[in-house]
Amino acid sequence: MPTPDLRDLLGLATRLAHAAGAELLARQDQVSLESAQTKSSGTDPVSAADRASEQLIVDGLLSARPGDGLLGEEGAREKSTTGLTWVIDPLDGTVNYLYGRPDWCVSIAVQDARGGLVGVVHQPMTGITWSAVRGAGASRDGKYLKVREGRKLAEALVATGFSYLAERRAEQAEYLRQVLPAVRDLRRGGSAALDLCSVADGTADAYYEHVIQPWDVAAGGLIAREAGARTIGGPGTSLPGGLLAAPPDLAESLAGVLSRVRRRVA
Ligand code: 2AM
Ligand code: CA
Ligand code: CA
Ligand code: CA
């Protein structure tokens, strides 16, 4: 298989993230807080927006990159014949979108057998785009990103998220009881992809979450790592079903706190 031009993949991901973002912005008027209050009618316009965004991205990928694999939150599934697979969250931060808050984004990554190759996260309401290419660094609107080293856990602003499953939330509260007194403060933004970008650009120091899906973290995880963060997650780690991202020293100390809680709640 010929090696793809990474600039072409980055350009394609960026164009599709921007087009999907414009589609989502155009639909946001139909998704009012009022409609959010009645469950059936409230969630329908959001699901329609999720699906329309994914369809736009999938159509663009199928025509530009036939043979690449697809994995999208809204159901896109294609096996790869090229060794590359696109991992798509067409709208990350759905609840924020529904409430007219700005913390939602489009997340597109392309992976090979070694993991993330290119990642793009675009936030339509601010127009900010974060991107990364493996081995070539991460940027925010073209500005190169490097995480801040040497920050202690007690000085760290830590982003996190909570599962919507009530039984997981009780467990997450146990982690919070230990983490909250140990850090500067916590932020709960509602979009895992944007949380990871905030670690990359220094608007947070660390991020952890216990239950996440591949499309939540494929682009943001690469962006954080390429900015110099360490990510810890997956089986056998202190976050078996989740992800932690922070500058290396801070990642160690936060992982230490989380694994002590884990031994108690397990
Ligand atoms: P989503 O908006 O694509 O569904 C991990 O926290 C992910 O879970 C988020 O990136 C978000 O992805 C989703 N999420 C966040 N808060 C949520 C909530 N209160 N209910 C359901 N899903 C939520
Ligand atoms: Ca998501
Ligand atoms: Ca989503
Ligand atoms: Ca969802």
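This is a predicted model: local features need pLDDT of at least 70, side-chain atom pairs count only at pLDDT 80 or more; totals for chains, interfaces and linings use all residues.

Colleague: With which strands does β11 pair, and in which sense?

Modeller: The general idea comes first. Strands of a sheet pair through backbone hydrogen bonds, and the pairing is either parallel or antiparallel. In this model, β9 and β11 pair in the parallel sense over three bridges, and Val158 has Ala206 of β11 as its bridge partner. On β13 the sense is antiparallel, again with β11 and over three bridges. There Tyr207 has Ala245 of β13 as its bridge partner.

Colleague: What is the order of the strands in the sheet as a whole?

Modeller: The sheet is open and has five strands, in the order β10-β9-β11-β13-β12, with mixed pairing. Its edge strands are β10 (185–188) and β12 (230–233), each of which pairs on one side only. From one strand to the next the twist averages 20 degrees.

Colleague: How should I read a nonpolar core, and which residues touch the most other members of the largest one?

Modeller: The largest here has 32 residues, of which Val121, Trp130, Leu196, Tyr207 and Ile223 touch the most other members. Two or more residues come from each of β4 (105–112), β6 (128–133), α6 (192–201), α7 and β13. Because domain 1 (6–134) and domain 2 (153–265) both give residues to this core, it lies between them. Apart from it lies another core, of 29 residues, among them Leu16, Ala17, Trp86 and Leu91.

Colleague: Taking Leu196 as a case, what is it in contact with beyond its neighbours within four places in sequence?

Modeller: The contacts of Leu196 include Tyr207, Val217, Ala224, Leu243 and Ala245. Asp216 is also in contact with Leu196.

Colleague: Which residues donate to the calcium ion (ligand 2)?

Modeller: A metal site is read from its donors, and then from where those donors sit in the chain. The calcium ion (ligand 2) has Asp89 (OD), Asp92 (OD) and Asp216 (OD) as its protein donors, at 2.1 to 2.3 Å. Along the chain, the donors follow the spacing D-x2-D-x123-D. Asp92 lies in strand β3 (residues 85–92) and Asp216 in helix α7 (residues 214–226), so the pair ties together parts that are 124 residues apart in sequence. Asp92 is buried, with a relative accessible area of 6%, and Asp216 is buried, at 12%.

Colleague: What coordinates the calcium ion (ligand 3)?

Modeller: The calcium ion (ligand 3) is coordinated by Glu73 (OE), Asp89 (OD) and Leu91 (O), at 2.2 to 2.3 Å. The spacing of its donor residues in sequence is E-x15-D-x1-L. Glu73, in the loop between β1 (69–72) and β2 (77–78), and Asp89, in strand β3, are 16 residues apart, and this pair links distant parts of the chain.

Colleague: To finish with a loop residue, where does Leu145 lie?

Modeller: Leu145 is in the loop between β8 (143–144) and β9. Leu145 is buried, with a relative accessible area of 6%. Leaving aside neighbours within four places in sequence, its contacts include Trp130, Arg140, Ala200 and Ala227. Leu145 and Cys197 are 52 residues apart in sequence, and their C-alpha atoms are 10.0 Å apart in space.

Notes: Residues are numbered from 1 along each chain as its sequence is written. Chains are lettered from A and ligands numbered from 1 in the order in which they are written. Side-chain values use heavy atoms; hydrogens and water are left out. Two strands pair if DSSP finds at least two bridges between them. Helices (H or I, at least four residues) and strands (E, at least two) are DSSP runs, numbered from the N terminus. Axes are lines fitted to C-alpha atoms, for helices over the stretch in contact, and angles run from 0 to 180 degrees between N-to-C directions. Donors are N, O and S atoms within 2.8 Å of the metal (3.2 Å for Na, K and Ca); water is not among the atoms, so sites may look incomplete. Buried means under 20% relative accessible area, exposed over 50%, partly exposed in between (1.4 Å probe, protein chains only). A nonpolar core is a set of buried Ala, Val, Leu, Ile, Met, Phe, Trp, Tyr and Cys residues joined through side-chain atoms within 4.5 Å. Domain bounds come from an automatic or database domain assignment. Contact means heavy atoms within 4.5 Å.
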